[in-house]
Amino acid sequence: MVHYTQVSRRSFLRGAGIVAGSAALAACTSKAKQTAAATSSATSPASAAGSSSGAAPSTVAASSSGVASASAASIKGGTLTVMCPSGEISSEQIGLFTAAYPELKLNLINYDTTRLNAMIAAGTPPDLVRDAGTDVTPYIATRGLALDLDPYFAKSTVIQESDILPINDVWKWDGKVQGQGPRYGMAKDWSQDAMWWYNPAAWQAAGITEPDPATPVTYDQLLEWAPKLTKSSNGKTSVYGLFTTAPSHDFISAMVATAGGKILSDDLLTADFTSPEAQQALTWLVNAAKAKVGYSAVNPSPDWDGPEYLAGHQVSADAGYWFGGYLDTNNAKLEATTKFAAAPLLGTTRVSPSFGAVGYWIPAKAKNPDASFAFMEWYCGGEGARARAAAGDGLPALKSMLPLLPQQTAFQQQTYQVQQAELPYLKVLALASPYALGSAIDTAIAKVFPSAVTGSTTVAQLGDKMTSAANAVLAQGKKAAGG
Amino acid sequence: MTTPGVLPPPADTATPVAQQRGGRPHVRRLRQRPRALFIVLLVISIAMMLPLLILLITSVTPGAQLDADRWVPAVFRWSNYRDALTGIPFWHYARDSLFLSVVYAGLTTLSSALVGYGFARLRGPGKNLLFGVLIAMMIVPQIVTLIPTYLLFSRVHLVGTYWPWFIWGSAGAPYAIFLYRQFFSSFPRELEEAAEIDGAGRLRTFLTIFLPLSRPLLVTAFVLAFNATWGDYIAPTLFLNQNNTTLAAGLASGYFSSQNIPEPTVLAAGTFLYIIPVVVLFLLAQRHYVRGFINSGLK
Amino acid sequence: MTTAARVCRPSTRGRVGRKRGTGSVAFYGFISPWLVGTLLLALFPLGYALYISFTNWDGLSKVKPWAGLANYREVFSSPDTWSSLSRTLLLIIFVVPATIVGSLVLALFLNERVKGRVVFRTLIYIPAIIPPVAAALIWKNIFETNTGSANRFLALFGIRAVPWLIGGHAFYALVVMMLWGLGVGIIIDLAVLQTVDVEQLHAAKIDGANAFLSFRHVTLPAISPVLLFQTVLVLIATLQTFIPALLLSPATAANATQGGVIGLVPTSNTFYMVNVYAQFFSYSRYGFGSALIVVFFIFILLLTGIIFKVFGRSVYYTVDPTATNKKARRR
């Protein structure tokens with residue numbers, strides 16, 4: 001099922017308390033946010049670019065609250081079981097929702113794949129499941145697990161079709177191509193997750209020229225800088241110069257995309273890690289792990305980039321726009337010494353994908369789909385989304401909310417600018433297959449990775465092994481789907 | 001040959017025979033043995049307790065000083081314990097864990113005694129086969145039966161409740177059943193016959209005669225079952241919700257500061273609190289616990 | 001009249017009156033809770049697992065494509081199966097003899113009349129009852145690369161910090177954690193040492209036997225049934241090791257039940273059941289995972305059977321343990 005352990009991102013809400021599950025979720029094989037979307041039309045980047053800059057502040061504010069009560073009238077009351085990482089939805093938000101929909105109660109259960117599997121298999125699934133659209137849509141749609149939401153979107157008075165940003169297309173699947181077909185879910189927010197954040201003071205202290213946020217650096221440059229920024233003695237490292245790296249297929253796909261390559265085949269049935277671009281990416285990953293300049297598959301992080309950056313154990317973090325909101329919530333003081341930068345390049349093509357479009361989907365067997373959708377539209381496109389957008393917890397799913405993004409402080413202005421500049425390079429990559437979940441592929445390829453770091457396998461051999469491991473998983477998935 | 005004039009002490013299996021004799025050629029070596037043994041046991045005991053000591057030290061270390069190069073922190077942050085109690089719904093989880101553990105242990109102790117008695121003293125067709133099944137059940141890993149069991153329970157809408165534990169408890173625990181069976185086997189037939197003659201039914205015989213005799217074993221079975229539930233975290237993760245799960249599952253999620261940074265020192269404090277009941281229970285029940293094993297007819 | 005008095009009455013009283021038989025009804029009545037519970041909660045799930053093992057079910061789809069024996073063939077042909085099995089066997093070699101022998105030796109020590117032995121017994125036994133979650137957290141703390149006591153200790157000797165929880169080292173960290181509880185058998189061992197016939201020990205002494213010989217010829221045979229049983233139990237438990245491996249991995253226990261985290265368990269700690277778990281929850285291969293379980297279960301049954309057959313003969317019984325009504329104490 002949705003073994004999506006790598007959270008695409010966690011939007012930490014203002015004043016959120018314990019985020020146990022979320023942080024735990026982040027400590028996973030691949031990068032905390034990397035799951036790429038499947039192939040999509042070339043129209044998305046263009047329209048995304050167009051829409052973001054031309055977003056007109058609408059009267060969404062006024063209409064949404066009024067609308068909420070209108071649709072509330074037709075919904076059956078009851079309890080909605082929402083599966084999401086614990087702490088992600090704050091009690092504030094719960095209060096706001098139940099105020100808007102008094103006949104509904106929210107029961108939050110911690111995101112747990114085992115539990116989710118079992119619930120679905122037992123026929124009593126949660127009413128909403130939080131997941132990364134880029135990762136799970138083909139899988140859940142193909143297996144008939146997710147509800148086709150087009151009829152609900154059509155009826156919705158909170159969300160206008162024209163207002164939905166194209167990134168939400170990753171939640172579409174037509175049986176063959178991700179990005180087309182009916183909608184199975186919606187993003188609650190999104191970011192371009194290959195971007196990164198860094199602490200310029202560390203560069204100054206090490207006597208290296210700071211990167212220019214507007215110009216994408218190359219991965220090689222990152223690796224060059226990392227040893228100079230890393231502090232270690234006698235086997236113990238106190239500061240890492242590079243963010244957490246991991247051989248996850250989406251991160252690798254993102255890297256090779258900047259070199260014009262791809263990992264998953266067009267029919268989403270096979271993967272290829274042997275192409276020259278893939279080899280380049282793998283070489284970089286192996287070297288990064290060998291150099292011990294950051295957490296990696298052979299040196300797992302105790303949590304994820306966020307807390308490590310906050311604690312000063314890392315001088316950079318690999319995250320999208322939402323990280324700004326995270327910093328704001330958890331340690332606003334660090335904003336003075338943090339800058340947001342464009343996604344790095346492996347090759348020469350500037351591509352900045354999104355690994356998540358994290359949002360919600362509704363299981364096909366949900367007992368009260370109208371109520372489920374009411375929550376979805378409220379949280380992802382209604383009042384629930386507004387506060388998060390204003391806090392900078394990721395880019396909103398709706399065009400009309402883009403102006404809500406914070407631009408008061410110098411930090412917020414810097415991040416907003418960089419984000420704006422990055423939008424034209426948004427590209428939805430082919431990363432999700434209906435035959436296997438990203439996490440399954442990642443587990444398989446992560447197994448063969450350590451031997452390359454120790455040197456007993458060459459990068460070429462690694463490419464072969466990863467290819468056959470990934471293909472085995474995909475083939476098994478095809479068999480399980482009855483193929 | 002004993003030394004004339006010295007009566008051999010009463011049969012004491014704890015002391016080696018040679019020592020009892022007090023034979024001259026070995027006197028000095030034997031008297032040194034307890035001392036050497038004492039030192040050996042002391043060293044081993046300290047080694048065994050060391051990790052717990054480290055846990056304790058970590059639990060009072062201020063978070064920031066965790067990587068200082070010191071064995072003991074400069075300042076003791078006892079407030080870690082307060083944070084441990086407030087960082088997660090500690091009392092809530094503890095109360096739930098206690099309830100589940102006690103109920104499960106109580107149910108299983110009695111049920112296992114019942115079943116163990118059946119296997120020990122009664123006859124029926126297929127008994128040996130069933131006993132074989134019992135032994136085989138000791139081999140099955142919990143996780144194997146867990147998922148299908150979940151499917152079963154969710155069909156009858158019992159997930160999120162404590163019913164699975166009530167039912168598991170009522171079914172008895174294979175290891176405990178085995179111990180009881182061994183124990184009850186060792187009694188002479190006359191015990192039942194006498195009760196029969198007085199007109200007692202099977203159940204009454206069991207309840208009034210055999211069960212009370214097995215008191216130490218009751219303690220042993222209870223403690224084992226209590227520990228099993230207190231320490232189990234996969235079943236609560238699967239079957240329970242955030243608001244009624246156990247301490248094992250709750251602790252496992254860890255503690256995080258308001259900045260969402262993991263707090264291993266507070267976690268150490270929480271862990272220390274978590275193990276206290278188990279240790280206390282053992283200390284209190286030690287005598288009976290040990291006797292329970294002795295009495296289960298270790299032959 | 002007290003029970004004892006009744007028991008001591010001469011049996012010439014005879015069995016007058018209707019004899020209440022040890023009827024089957026009573027038997028089944030008494031074991032019914034276990035029977036029902038086991039049927040529902042153990043046999044049905046196992047049967048279900050058996051059924052699933054013949055399919056390629058992914059754990060949630062409606063469709064369960066039939067796979068016949070394909071999964072079983074794969075169980076035997078997959079390198080993962082064998083490597084995880086060999087790692088498990090390696091773990092057994094490190095843990096089982098040490099636990100059995102260690103418990104016995106400690107019990108022998110504690111059996112002597114040493115000052116404070118009850119205290120020692122308690123201190124040595126306590127680690128064995130520490131819950132797994134707590135033990136894992138304790139040892140993760142100790143073996144933490146940057147802040148753990150283990151590396152701080154090594155630093156005293158100028159030794160570089162070892163990444164205990166990563167790669168090949170993780171296996172040894174796990175072994176240490178498991179051996180911390182090696183006192184688990186001392187309670188039983190002590191109990192059974194108490195039952196060794198004092199007169200025989202005495203006789204051995206008279207015959208000039210020293211401590212070793214008397215142990216070998218008197219004590220060991222007397223305690224061998226229990227030792228055998230203990231060995232089998234510890235062996236079976238160790239074969240199934242997976243929760244400690246999971247908990248010790250850099251993943252926190254919280255996400256231990258989430259599939260992808262299996263990737264964080266170092267390869268050297270990927271034991272048979274860890275692999276099974278990965279098949280279920282990382283790769284969604286419920287069918288294959290079930291087949292692995294069925295094969296493993298049969299393997300353990302056979303192994304147990306063989307052990308009892310082979311060693312059962314050399315074990316000394318005073319009483320046939322399968323008899324239920326004979327008096328246990330025979331002199």
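Worked exercises on a predicted model follow.

The model is predicted, so local features need pLDDT of at least 70 and side-chain atom pairs count only at pLDDT 80 or more, while totals for chains, interfaces and linings use all residues. Residues are numbered from 1 along each chain as its sequence is written, and chains are lettered from A and ligands numbered from 1 in the order in which they are written.

**Exercise 1. Chains B and C**

Solution: 
1. Helices (H or I, at least four residues) and strands (E, at least two) are DSSP runs, numbered from the N terminus.
2. Now take burial. A residue is buried if 20 or more other C-beta atoms lie within 10 Å of its own, exposed if 12 or fewer, and partly exposed in between; C-beta atoms are placed from the backbone.
3. Of the 299 residues in chain B, 49% are buried. In chain C, with 331 residues, the figure is 50%.
4. Last, contacts. Two residues are in contact if their C-beta atoms, placed from the backbone, lie within 7 Å.
5. Among contacts in chain B between residues at least 6 apart, 74% join residues at least 24 apart. For chain C, 67% of the contacts with a separation of 6 or more link residues 24 or more positions apart.

**Exercise 2. Core and domains**

Task: Name the residues that touch the most other members of the largest nonpolar core.

Solution: 
1. A nonpolar core is a set of buried Ala, Val, Leu, Ile, Met, Phe, Trp, Tyr and Cys residues joined through C-beta atoms within 7 Å.
2. The largest one has 322 residues, and Phe375(A), Ala225(B) and Leu248(C) touch the most other members.
3. Domain 1 (24-59) and domain 2 (89-295) of chain B both contribute residues, so this core lies between them. Those bounds come from an automatic or database domain assignment.
4. The C-alpha centres of these two domains of chain B are 33 Å apart.
5. In direct contact are 4 residues of domain 1 of chain B and 5 residues of domain 2 of chain B. The domain 1 side has 2 nonpolar, 2 polar and no charged residues.

**Exercise 3. Helix α6 of chain C**

Task: Is α6(C) largely enclosed or exposed, and why?

Solution: 
1. Helix α6 (residues 132-143) of chain C has 12 residues.
2. From first C-alpha to last, α6(C) reaches 16 Å, close to the 16 Å expected at 1.5 Å a residue. That expected span is 1.5 Å times one less than the number of residues.
3. Buried residues of α6(C) include Trp139(C), Lys140(C) and Asn141(C).
4. Because 11 of its 12 residues are buried, α6(C) is largely enclosed by the rest of the structure.

Key: Nonpolar A, V, L, I, M, F, W, Y, C, P; charged D, E, K, R; others polar.
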